[in-house]
Amino acid sequence: MSLRGRSILVGIIVVLMAYLAVPSFFSQEQRDASPFLRDRAVRLGLDLQGGIHWLLRVDDQVAFRQEADSIKGAVEALAKERGIELTAAEVSEEGSIELSGDGAALKSLLDEQFRDIDVTQNNGSLQIELSSQRRQTVLKTAVDQSLEVLDRRINGLGVTEPVIAPQGEGRILVQMPGGEVDPATARKMLDRTTFLVFHKVEAFAANEELLEAQYPDGLPADTKIVVELLDSGDPNSVTEALLVPSDPVLTGLMLQDARIGFDRRNRPIILFTWNAEGTRIFREFTGNNVGNRLASIIDGKVITAPTIQGRIGRNGQITGSFTREEAANIAVSLRSGALPVPLKIEEERTVGPQLGADSVSQGAQSILLGGALVIVFMLIYYNKSGLLANTALIVNLTIIIGLMSLAEATLTLPGIAGLVLTVGMAVDANVIIFERIREELRTNKNTRNAIQIGFKRSALTIMDANVTTLIAAIVLLYFGRGPVQGFGVTLAIGIISSVFCALVVTRLLFDLAYTRNPQTLRI
């Protein structure tokens, strides 16, 4: 390519990278105030902007017990269908199943219908254990389902760009950068298993005793009593006792959406939307029960029990004595669904925004100090050629930050260390080139030939040295997590940029400075 063509190409690349990099040098307030700067800055990791770090572990004992319960239910149904004697079926806390009955027939049934289980006979009963392969599958399924629920819940809390990813077997990494979420609120989000049901109200009274008195022979079959509390914190403050069927009309599993809203008095309410099946059931039920009451129950607590005024379709609302925060949290939980199994916090770190700001400041100072020392050394030792190398170094840092912004990479504290390391590596490539050019000049070659040969003979050495480091960076990038991965990202981008600047940008600067105007090369 001609000198002009290379100059135009490099110029376009540098301008584009500068366009992407510039917003990263401004504060968040300045970026929010300017449409030109908004949404183009390098993202800061948890250790730089503060936030919450969790390493969660799936409660494997609960997960295995749930799987065992599922197998037990299937065995009972199949045994009844085929007329096989099954006198007892028990699930232990560890997730094993013990069956009593016609052992031979049950063993044949298990071998035919179930895989990945280990069956042993013990004193006339059958002992069923989940195989190691099935246990791994159960854990993976629990992690995958938990990831979906956590993603919906955390995003529902308004967290900006959270990290939610599997971390080894049965573990989940969660990082919530910034100061949007209080750690206590986040923990409640983990523990919450919000579940919404709607029950038709068959009868009601001022309290439970009066309601039971209406049925001296006992409550009707398949019904139960629920109470609405005036104060949710005081179980004695009963507003009303309601008799409802045991089976609900609808559950929150058919919800498509749930959000906080406000009534005419600006009081918080919960707005909900059913999916197609829920809409059909709710429309039919409310149309057939105008004048009757419908109780909305969340986590076993009666929130409201209004009288149905008319047919209700896809949309509805739940009113109650919510605070704004309670209504928002309930809406998030209803939207996200319940966690398949409990999650335990194995590791928790909270980084304050001030500590993160100090890390950014100190990291920037280290880069500036390291860069300044390198620039001074190159100017003193390599004279005018050192000035060209310093120009390429500035271009290199601009390209690195621009590429990180383009790739939406996250800059962490180890990533800043990677930037400092990249500065040294970039200069190292220039030193190799300059020393090669010096060797050619000592053999009395002219300036143009010395530059061409010096760059040509240095290219392979530079590529070898950087490719090996790039392989290590890629390993850190794909197999590392958190800060280690952040270091790998910065190092990989830095290596690519450094090689480009050493072999392309520095060569272009030399050609512009010496090839068109041959003169004595001071290096």
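Author: Let's start with the term we need: an axis here is a line fitted to C-alpha atoms, for helices over the stretch in contact, and angles run from 0 to 180 degrees between N-to-C directions. Keep in mind that this is a predicted model.

Now the sheet. Four strands make up an open sheet, ordered E3-E4-E6-E5, with antiparallel pairing. The edges belong to strand E3 (86-91) and strand E5 (117-122); each has a single partner strand, so one side of each is left without a neighbour in the sheet. Ignoring direction, neighbouring strands in this sheet are turned by 20° against each other on average. At the E3 end, five bridges pair E3 with strand E4 (residues 97-101) in the antiparallel sense.

H4 lies across E3, E4, E5 and strand E6 (125-130), and it runs at about 170° to E3.

H4 has a helical neighbour too. Two packed helices are described by the angle between their axes and the distance between the axes. For helix H4 (residues 60-82) and helix H5 (residues 103-113), the axes come within 11 Å and cross at roughly 120°. That angle makes H4 oblique to H5. As for handedness, the H4 and H5 crossing is right-handed. On the H4 side the contact is made by Val75, Leu78, Ala79 and Arg82, and on the H5 side by Leu109, Leu110, Glu112 and Gln113. Sorted by class, that's five nonpolar, one polar and two charged residues.

For another helix pair, hop along to helix H12 (residues 413-442) and helix H13 (residues 447-479), whose axes come within 8 Å and cross at roughly 145°. The crossing of H12 and H13 is right-handed as well. Among the residues that meet there are Met425, Ile432, Arg436 and Leu441 from H12, and Ile451, Phe455, Arg457 and Thr469 from H13. By class, this H12 contact with H13 has eleven nonpolar, five polar and three charged residues.

And for another strand pair, look at strand E7 (residues 163-166) and strand E8 (residues 171-177), which run antiparallel and are joined by four bridges. Val163 has Gln175 as its bridge partner in E8. E7 and E8 form a hairpin with four residues between them, and Gly168 in the turn has a positive phi of about 75°.

How values were computed
Residues numbered from 1 in each chain as written. Predicted model: local features only at pLDDT ≥ 70, side-chain atom pairs only at ≥ 80, totals over all residues. Heavy atoms only, no water. Helix = DSSP H or I, 4+ residues; strand = E, 2+ residues; numbered from the N terminus. Parallel < 35°, antiparallel > 145°, perpendicular 65-115°, else oblique. Left-handed = near helix turned anticlockwise from the far one by under 90°. Contact = heavy atoms within 4.5 Å. Nonpolar A, V, L, I, M, F, W, Y, C, P; charged D, E, K, R; others polar. Pairing = 2+ DSSP bridges.
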